[in-house]
Amino acid sequence: MTRVDLLELDEIPEEYHYLFTEDYLGDRHIFRAWAHNPEVLEATLEYLNTLYDQLTPRTKELVILTVAWARGARYEWHQHVDIARDKGVTTEEMRAIGGGDFSGFDDAEFVLLQYAQAVAEGEVTDQIHRALTTHYTDAEIVAVGLLVDFYVGLCNYVASVDLPFEGGEFVGWTPTDETVDELFA
């Protein structure tokens with residue numbers, strides 16, 4: 001059971017209801033927990049949207065999935081398996097990340113995933129950073145690093161409040177197409 005109540009829409013100040021439309025946040029548990037402080041929720045979403053705008057949707061999802069896997073964060077992994085499918089990440093690629101095997105990705109994404117894992121684990125080497133600079137601009141590297149940092153903190157927060165994920169059972173670190181289709185139809 002979560003340590004922070006998941007607020008219902010009628011428990012959230014009306015000026016923040018726009019955040020909880022299907023076109024925006026919908027009914028995700030993380031946002032219902034954050035709604036205890038709607039000003040912080042709104043500001044955090046603005047910050048995240050700025051970060052997201054710096055990267056392609058696919059790049060963003062690859063980074064988030066890698067952080068979730070590296071941190072063992074089941075909630076974030078589960079959420080982003082669903083989200084990543086719509087951003088061009090295949091179930092096969094998710095299985096590869098969830099199994100710690102980045103070898104099937106092209107050179108740019110391979111080093112991106114290595115970098116995301118290294119940042120999440122606090123172990124970036126000069127070699128990984130140099131490799132990243134051959135494929136990404138300094139602006140993109142800043143955005144990737146800050147995105148990783150945000151999701152590391154988010155993974156810690158989710159664990160601290162014992163937030164349950166939506167959609168029934170955990171999709172798994174190496175999900176099958178059938179499981180993904182069943183859970184996220």
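**Entry 1: the nonpolar core**

I took a nonpolar core to be a set of buried Ala, Val, Leu, Ile, Met, Phe, Trp, Tyr and Cys residues joined through side-chain atoms within 4.5 Å. The model I examined is predicted. I looked up its largest nonpolar core and found 62 residues in it. W77, L147 and Y151 have the most contacts inside this core.

**Entry 2: the surroundings of W77**

I listed what W77 touches, leaving aside residues up to four places away in sequence. Its contacts include L65, A68 and W69, together with M94, I97 and G98. W77 also touches F170, V171, G172, W173 and P175.

**Entry 3: helix α4 against helix α8**

I next checked how helix α4, residues 74-85, lies relative to α8. Their axes come within 8 Å and cross at roughly 115 degrees. From α4, the residues that take part are Y75, E76 and H80; from α8, they are Y151, L154, C155 and V158. I sorted this contact by class and recorded five nonpolar residues, one polar and one charged.

**Entry 4: salt bridges of R58**

I recorded seven salt bridges in the structure. R58 meets E93 through their side chains, with an N to O distance of 2.7 Å. What does this pair tie together? R58 lies in helix α3 (residues 57-71) and E93 in helix α5 (residues 91-98), so the bridge links parts 35 residues apart in sequence. I also looked up burial, for which the cut-off is under 20% relative accessible area. R58 is buried at 19%, and E93 counts as buried at 19% relative accessibility.

R58 forms a salt bridge with E109 as well, the closest N and O atoms being 2.7 Å apart. Because E109 lies in helix α6 (residues 107-121) and R58 in helix α3, this pair ties together parts that are 51 residues apart in sequence. I noted that E109, like R58, is buried.

**Entry 5: other salt bridges**

I found a further salt bridge between E61 and K60, whose closest N and O atoms are 2.9 Å apart. Are these two residues buried or exposed? Both E61 and K60 are buried. Finally, I noted one network, in which salt bridges that share partners join R28, D82, R85 and D181.

Notes:
Residues are numbered from 1 along each chain as its sequence is written. This is a predicted model: local features need pLDDT of at least 70, side-chain atom pairs count only at pLDDT 80 or more; totals for chains, interfaces and linings use all residues. Side-chain values use heavy atoms; hydrogens and water are left out. Buried means under 20% relative accessible area, exposed over 50%, partly exposed in between (1.4 Å probe, protein chains only). Contact means heavy atoms within 4.5 Å. A salt bridge is a side-chain nitrogen of Lys or Arg within 4 Å of a carboxyl oxygen of Asp or Glu. Helices (H or I, at least four residues) and strands (E, at least two) are DSSP runs, numbered from the N terminus. Axes are lines fitted to C-alpha atoms, for helices over the stretch in contact, and angles run from 0 to 180 degrees between N-to-C directions. Ala, Val, Leu, Ile, Met, Phe, Trp, Tyr, Cys and Pro count as nonpolar, Asp, Glu, Lys and Arg as charged, and the others, Gly among them, as polar.
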